[in-house]
Each structure stands twice: as C-alpha cells, then as structure tokens.
Amino acid sequence: MKDTSKHQGRRNQLANVLEAKGIIDENVLNAIRKIPRHLFIDSSFEDHAYQDKAFPIAADQTISMPYTVAFQSQTLEIKPEDKVLEIGTGSGYQTAVLLELKAEVYSIERQKELFKRTSLFLPKLGYKPKKFIFGDGYKGFREKAPFDKIIVTAGAPFVPNPLLSQLKIGGKLLIPVGDKTQIMTLFIRKSPKEFEKHELGDFAFVPMLEEKN
C-alpha cells in the first residue's frame with residue numbers, strides 16, 4: 001500500500017492529460033490527482049497505472065480508462081451530498097472518485113469475487129460508501145430510491161426501466177448503451193413520465209451482466 005511522491009507526480013501528469021482531453025471540472029481533476037490508482041490494479045501493471053488506459057482486474061472485468069471515469073463524473077455534475085447509485089463497483093476506483101466529490105454513494109456489484117475484494121479494500125484507503133450491495137444492477141436499489149444521480153460503469157444492451165424509475169425529478173442517469181461498443185447516454189428526468197435523452201459519443205465497456213455470475 002505504498003504511495004510515493006513519484007506516484008503523485010504521475011497522477012499530476014495524468015490530470016494534465018485529462019484536462020487536455022476536455023475534463024475541466026476542477027473537483028474531478030483534484031480527485032484524479034489524489035486517488036492512488038496504482039493500488040486499484042495488480043502490482044505487475046503498476047508502471048501503467050497512470051496512463052489513460054483500461055486494465056484487467058479480477059473476474060474478467062476491467063478498471064475503466066481514467067478519461068472515462070472523469071468524463072462520467074464531470075457529466076453527472078456531482079455535488080456534495082448528492083445521493084448516487086453506482087452500478088458496477090468493479091475495482092472501486094470510480095467509487096473513490098464519487099466519494100472524493102463528497103457524494104453519498106450506494107454501489108452495486110454482481111461479481112462475488114470483486115464485491116468481496118473491493119468492499120474490504122476501499123475502506124482501508126478511507127473510502128466508505130453508504131452501502132456496498134451484492135446484487136443485480138439492472139434492478140437498482142429501490143430501498144434508497146429516488147437518487148439524484150445514477151452512474152452505470154458497464155455496457156448495457158438496453159436501459160433498465162428500474163433505473164429510470166429510481167431517479168428523482170431533475171435527476172440524471174448516465175449509462176453506456178450498446179453491445180460491442182456503447183453510446184454514452186444521459187437521461188434527465190423532467191417529470192414522472194418524461195425523460196430528456198442526450199447521446200454523448202462512443203465508449204467501450206465490459207458488458208453489464210444480468211442474473212448470472
């Protein structure tokens with residue numbers, strides 16, 4: 001669990017790369033500068049931890065590109081005390097960014113191995129969501145709905161209705177929709193039955209799994 005000034009220097013460089021790619025939210029950039037991403041991936045990849053790349057983690061999943069994490073965080077305009085549902089805890093890196101943005105985070109992971117690992121690991125770094133949930137992200141988390149923001153960190157072949165229904169009026173759902181490549185799609189809830197939809201370009205994610213491990 002070593003975090004050195006060399007690591008910090010690399011994080012500062014990464015933040016500069018993301019800024020050049022259009023990340024302008026200073027709070028998001030500060031989160032990137034602060035969170036020791038090298039601790040979230042296998043130590044054999046440590047030299048690559050601060051490149052803008054995705055990397056494999058346990059259970060055939062990946063840790064998203066820093067740009068993707070920053071883009072999703074910036075697009076959702078996370079504010080302190082926002083109640084945020086994260087679908088796909090994964091390595092916990094995106095979770096840590098949300099927590100650095102002072103959100104109240106509920107995070108769902110359906111891979112048992114990842115759920116166990118990340119729910120033990122994140123608190124060791126001082127990152128404590130309101131709740132880690134082992135379960136099916138397609139169903140959301142009705143007990144704590146409605147949410148200000150919902151972020152999906154895996155590619156979904158369709159938009160699950162429970163996620164739309166668990167948004168507050170004025171709330172935002174950001175989800176990558178599609179099979180092989182995904183279109184990052186933002187839904188803003190305008191009324192109980194009306195949603196505004198924005199398509200924000202192509203991204204590549206691992207698939208979001210439903211009812212299977």
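Which residues have the most contacts inside the largest nonpolar core? I opened the predicted model and looked them up: L18, I23, I35, F40 and Y93, in a core of 45 residues.

I then checked which elements supply this core. I found at least two residues each from α1 (5-20), α2 (26-34), α3 (66-75), α4 (93-100), α5 (112-124) and β8 (182-189). I noted that α4 gives the most, with five residues.

I took F40 as an example and listed its contacts, leaving out residues up to four places away in sequence. Among them are I35, I57, I63, Y93, A96, F121 and L125.

I also found a second, separate core of 16 residues, including L85, I133, I150 and L163.

Next I went back to α4. I counted eight of its eight residues as buried, so the helix is largely enclosed by the rest of the structure. The buried residues include Q94, T95 and E100 as well as Y93 and A96. Just after α4, I noted a positive phi of about 70° at K102.

I turned to the sheet. I read seven strands in the order β5-β4-β3-β6-β7-β8-β9, forming an open sheet with mixed pairing. β5 (131-134) and β9 (195-203) each have a single partner strand, so one side of each is left without a neighbour in the sheet.

I looked at one pair inside the sheet: β3 (residues 83-87) and β6 (residues 147-152) run parallel and are joined by four bridges. There, E86 stands opposite I151.

Last, I checked helices against strands. I saw α3 packed on the sheet, touching β6, β7 (167-177), β8 and β9. I found α5 lying across β4 (104-109) and β5, at about 170° to β5.

Terms used. Residues are numbered from 1 along each chain as its sequence is written. This is a predicted model: local features need pLDDT of at least 70, side-chain atom pairs count only at pLDDT 80 or more; totals for chains, interfaces and linings use all residues. Side-chain values use heavy atoms; hydrogens and water are left out. A nonpolar core is a set of buried Ala, Val, Leu, Ile, Met, Phe, Trp, Tyr and Cys residues joined through side-chain atoms within 4.5 Å. Buried means under 20% relative accessible area, exposed over 50%, partly exposed in between (1.4 Å probe, protein chains only). Contact means heavy atoms within 4.5 Å. Two strands pair if DSSP finds at least two bridges between them. Axes are lines fitted to C-alpha atoms, for helices over the stretch in contact, and angles run from 0 to 180 degrees between N-to-C directions.
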